[in-house]
Amino acid sequence: MEFNNEFILGCSAIGAGLAVIAGIGPGIGQGIAAGHAASAVGRNPGAQSEIRTMMLLGQAVAETTGLYGLLIAFLLLFLKPLLPR
């Protein structure tokens, strides 16, 4: 079955949109982590540097999911890997 280029580009655009939706999860997770870190510092101000370090490490790990989704979206939109050469 042969697809025309417009159909492939449309499906690539839909896939890129779905890949960008992957950024919602890390955003929610980072907000929750920052809120819990703020309340932990409020309970124990002496441990502020350790709490901040662990929060930033956790947020950096969580952000990779969103960045992978953005990378896939850019690949689908700008490199057009699904088009026949």
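Modeller: Let's start with Phe 7, which is partly exposed because its relative accessible area is 43%; here buried means under 20%, exposed over 50%, and partly exposed anything in between, using a 1.4 Å probe and protein chains only. Phe 3 also counts as partly exposed, with a relative accessible area of 41%.

A quick word on the ground rules. This is a predicted model, where local features need pLDDT of at least 70 and side-chain atom pairs count only at pLDDT 80 or more, while totals for chains, interfaces and linings use all residues. Residues are numbered from 1 along each chain as its sequence is written, and side-chain values use heavy atoms, with hydrogens and water left out.

Now the rings. Rings of Phe, Tyr and Trp (its six-membered ring) pair if their centres lie within 6.5 Å; planes under 30 degrees apart count as stacked, over 60 as edge-to-face, and the rest as tilted. That rule gives two aromatic pairs. One is Phe 3 with Phe 7, stacked, at 4.9 Å centre to centre with 20° between the planes. The other is Phe 74 with Phe 78, tilted, at 5.8 Å centre to centre with 40° between the planes.

Why do Phe 74 and Phe 78 sit about one helical turn apart? They are four residues apart in helix H3 (residues 48-79), so about one helical turn separates them. Helices (H or I, at least four residues) and strands (E, at least two) are DSSP runs, numbered from the N terminus. As for cover, Phe 74 is partly exposed at 44% relative accessible area, whereas Phe 78 counts as exposed at 61%.

Move on to the segment after H3 and you'll find Lys 80. Lys 80 has a positive phi of about 50° although it is not a glycine, and it is partly exposed, with a relative accessible area of 31%. Its C-alpha atom lies 46 Å from that of Ala 40, 40 residues away along the chain. Ala 40 belongs to helix H2 (residues 24-43) and counts as buried because its relative accessibility is 16%.

Setting aside neighbours within four places in sequence, Ser 12 is in contact (heavy atoms within 4.5 Å) with Leu 76 and Leu 82. Over the whole chain, 74% of the contacts between residues at least 6 apart in sequence join residues at least 24 apart.

Zooming out, the chain has three helices and zero strands, following the pattern α-α-α. Its C-alpha trace spans about 65 × 15 × 15 Å along the principal axes. Of the 85 residues, 19% count as buried.
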